[in-house]
Protein chains: 2
Amino acid sequence: MATNGERRYFEQLDATDPLREIRALFDLPDDRVFLNGNSLGPPPRETWNRLQEGMLRWRDDMNAAWWDHQWLQLPTVIGDRIGALIGAAPGQVVVGDSTSVNLFKLLCGALYAQSAGGRSVVLTDRDNFPSDLYIADGVARYVHPAATVRRVPAGEIIDHLGDDVAVVLLSHVDYRTGHLLPMRRINERAHAAGALVLWDLAHSAGVVPIDVDDAGTDLAVGCGYKFLNGGPGAPGYMYVAERLLPDFEQPVTGWLGHTRPFDFTADYQPDPGIARLTTGCPPLLSLLALDEGVSLTARADLAAVRAKSVALSREFIALAETRLARFGIEVTGPVDGAQRGSHVSLRYESAERLAEGLAATGFHLELRPPELLRFGLAPLHVRYVDLFDCVAAMEKLLADADHGGLPR
Amino acid sequence: MATNGERRYFEQLDATDPLREIRALFDLPDDRVFLNGNSLGPPPRETWNRLQEGMLRWRDDMNAAWWDHQWLQLPTVIGDRIGALIGAAPGQVVVGDSTSVNLFKLLCGALYAQSAGGRSVVLTDRDNFPSDLYIADGVARYVHPAATVRRVPAGEIIDHLGDDVAVVLLSHVDYRTGHLLPMRRINERAHAAGALVLWDLAHSAGVVPIDVDDAGTDLAVGCGYKFLNGGPGAPGYMYVAERLLPDFEQPVTGWLGHTRPFDFTADYQPDPGIARLTTGCPPLLSLLALDEGVSLTARADLAAVRAKSVALSREFIALAETRLARFGIEVTGPVDGAQRGSHVSLRYESAERLAEGLAATGFHLELRPPELLRFGLAPLHVRYVDLFDCVAAMEKLLADADHGGLPR
């Protein structure tokens with residue numbers, strides 16, 4: 001029986017990985033390993049064909065392609081596909097704009113929905129993804145002058161659910177530590193206190209099983225280009241629970257949120273469904289790529305994805321603790337796989353130099369301040385041997401560094 | 001000498017068209033004529049290569065491509081390229097989101113800029129593009145409760161420049177009639193009355209010479225997928241005059257508008273320049289296509305483009321008046337080419353059936369309520385003979401219709 005000190009042990013894990021055949025559906029270079037698929041998932045091979053098809057339809061049908069090929073429906077069609085990945089019944093998810101624009105719309109809407117009750121506090125994690133904090137501050141500053149943003153540690157959110165809290169804004173998985181928050185419990189506690197909850201699923205959708213409907217989630221946004229493999233800058237998406245939808249208002253009332261945009265009527269009449277969240281024309285080529293990324297992601301069994309994700313984290317953390325701790329490298333975030341998403345961050349004081357050294361040897365990951373090396377363990381394309389090889393490369397770089405070898 | 005009753009006359013115009021070689025840069029089908037390039041410009045042949053390059057960079061460099069290939073700079077790089085087409089010095093145009101989202105940002109910002117003076121009226125054309133009206137109403141309803149939207153006929157805008165007007169919101173070219181408004185004169189009158197002007201250049205950029213800086217324009221938005229040939233749903237753009245930029249605020253304060261987004265600081269600090277208008281990650285594949293469309297558009301001499309546009313309109317109107325008036329078809333909008341953009345709308349009571357008949361014979365155009373057939377005369381790919389052939393096809397359909405032949 002091989003041990004985790006041997007490459008053979010990881011090869012065996014790969015050989016019995018139930019997801020091993022999915023990897024071939026991605027177009028991956030042979031000579032490097034990407035451990036930042038949590039920032040930008042790699043290209044599905046089929047994306048190329050989807051773009052080609054899109055280009056031909058653009059040429060052959062021009063503007064009529066929006067109707068002839070149901071391009072106009074894509075935001076809700078892809079929305080429903082994403083919905084299936086996050087446990088949302090059809091009609092509650094729509095794709096479009098960026099995650100930050102989407103967050104702006106939903107946060108504004110949540111505050112409108114709560115304004116009758118006089119609630120005006122946006123309660124959030126002080127370590128939330130900065131753009132989420134910026135958007136919340138912008139909404140409070142510019143759109144809802146009565147609103148204030150209260151930032152507290154994630155672990156203290158429930159303690160701050162006062163009767164002035166309108167909406168709790170949280171990332172499901174912390175972008176730095178990988179910490180996974182208990183969605184259902186926070187929803188229940190927030191609802192008991194009269195607050196809505198708006199989740200950012202950027203680092204969980206497609207890799208952590210989520211059941212937004214069953215967990216009683218109110219609102220969510222997410223990102224298309226991470227674990228959904230939708231391509232660089234792929235449009236994001238919004239979820240609004242069906243029970244909130246009929247009265248849900250958002251301020252960016254562009255024509256494609258109109259119930260009959262091509263009647264060109266003088267006054268805005270919001271679509272009765274989730275399309276009321278949309279604004280302008282979606283970037284079609286990027287939308288086709290997103291569709292393919294979501295479709296590929298949906299081919300994998302999410303329970304198997306989660307199982308592999310937890311196993312990858314466990315193996316990676318064990319390797320880091322066994323082989324890298326002596327260089328002053330520290331694992332951050334929860335050790336328990338059930339409490340983390342699908343990335344692991346290691347703290348190291350010369351993180352930038354180490355990342356450069358790793359990139360030069362073919363291992364690509366990301367830096368996040370302060371001093372964090374973030375390893376994305378995307379189960380659809382990361383192999384167990386990749387972890388072994390990467391840690392071996394780190395060990396060599398760090399050992400050399402003790403002799404002045406780490407790149408400066 | 002051929003007359004405009006003969007196809008040869010139009011062939012001669014094409015043979016001496018100084019733009020005739022540009023057409024070959026587009027990928028156009030042989031068997032049909034697109035007269036809706038004002039809604040969606042056709043694909044440049046080179047766009048395909050740009051997408052391929054983008055896909056390879058995505059595969060080979062993953063997230064690092066944003067830095068290694070200056071993808072992060074593309075919104076301002078393409079912005080400056082569009083700036084050159086509309087007379088904006090560098091640093092005042094940025095690409096991203098949809099035209100409607102962009103309009104939301106700039107209209108909010110214009111109202112913040114004017115709020116100190118107690119001005120709160122958005123003055124607009126009652127026949128403005130519906131999405132522009134919807135956005136203005138949304139801003140007044142949700143973001144600036146003190147604001148009101150005043151809709152008046154375009155020709156009466158100047159008469160309504162009272163001291164309560166904060167911002168004048170106008171489309172440079174009317175999406176139905178093609179009527180081109182006098183930008184400089186309206187800017188001057190609005191400024192004299194203490195108002196800002198926000199122009200929507202969707203139907204003029206790339207086809208009408210515009211000099212936003214010289215005309216004293218304050219703010220503008222525009223569309224990437226019409227005469228800029230950026231592809232279906234291509235991102236739009238925003239112009240903010242340099243003199244307004246340092247204090248210009250917009251409410252959708254996402255991370256890419258931050259001066260140092262990748263420092264991940266806790267508080268939003270807007271970029272000092274035009275990038276403060278951006279919010280989230282731009283859809284890269286669509287952005288590459290836009291870049292190519294803009295680059296192709298910029299290869300043509302804009303004075304020659306305008307001259308051909310005016311000539312196409314003149315010839316088309318003459319043909320319509322000579323050969324179609326007897327069927328009850330009426331030319332709308334100004335006859336004087338100097339007062340129109342690059343499309344001509346014909347009014348006909350059975351517009352939809354006629355459009356269907358034309359599509360069946362290979363001529364594609366668009367319907368706009370009420371009863372309008374809109375012909376986009378994009379000078380980079382529409383030929384003079386296309387107009388002759390299209391009018392001949394209409395004449396035949398209408399003559400047949402008199403005998404019951406028009407499709408129902």
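This is a predicted model: local features need pLDDT of at least 70, side-chain atom pairs count only at pLDDT 80 or more; totals for chains, interfaces and linings use all residues.

Analyst: From H4(B), the residues B:Leu74, B:Ile78, B:Arg81, B:Ile82, B:Ala84 and B:Leu85 meet a set in H8(B), namely B:Leu287, B:Leu290, B:Asp291, B:Val294, B:Ser295, B:Thr297 and B:Ala298. Sort that contact by class and you get 9 nonpolar, 2 polar and 2 charged residues.

Now for the geometry. H4 covers residues 74-86 of chain B and H8 covers residues 284-299 of chain B, and their axes come within 10 Å and cross at roughly 25°. Angles under 35 degrees count as roughly parallel, so that is how H4(B) and H8(B) run relative to each other. The crossing of H4(B) over H8(B) is left-handed.

Next, zoom out to the two chains. The contact between them takes 65 residues from chain B and 66 residues from chain A. The top contributor is H6(B), with 9 residues. By class, this side of chain B has 39 nonpolar, 18 polar and 8 charged residues.

How do the copies relate? Rotate chain B by 180°, with 0.0 Å of shift along the axis, and it superposes on chain A with an RMSD of 0.0 Å. That's the relation of a two-fold axis. Both copies use the same surface, as 100% of the contact residues of chain B recur in chain A. In chain B, B:Val143 comes closest to the rotation axis, its C-alpha lying at 2.4 Å.

How values were computed. Residues are numbered from 1 along each chain as its sequence is written. Chains are lettered from A and ligands numbered from 1 in the order in which they are written. Axes are lines fitted to C-alpha atoms, for helices over the stretch in contact, and angles run from 0 to 180 degrees between N-to-C directions. Helices (H or I, at least four residues) and strands (E, at least two) are DSSP runs, numbered from the N terminus. Angles under 35 degrees count as roughly parallel, over 145 as roughly antiparallel, 65 to 115 as roughly perpendicular and the rest as oblique. A crossing is left-handed if the near helix is turned anticlockwise from the far one by less than a right angle, and right-handed if clockwise. Two residues are in contact if their C-beta atoms, placed from the backbone, lie within 7 Å. Ala, Val, Leu, Ile, Met, Phe, Trp, Tyr, Cys and Pro count as nonpolar, Asp, Glu, Lys and Arg as charged, and the others, Gly among them, as polar. Copies are superposed by least squares on the C-alpha atoms of residues with pLDDT of at least 70 in both.
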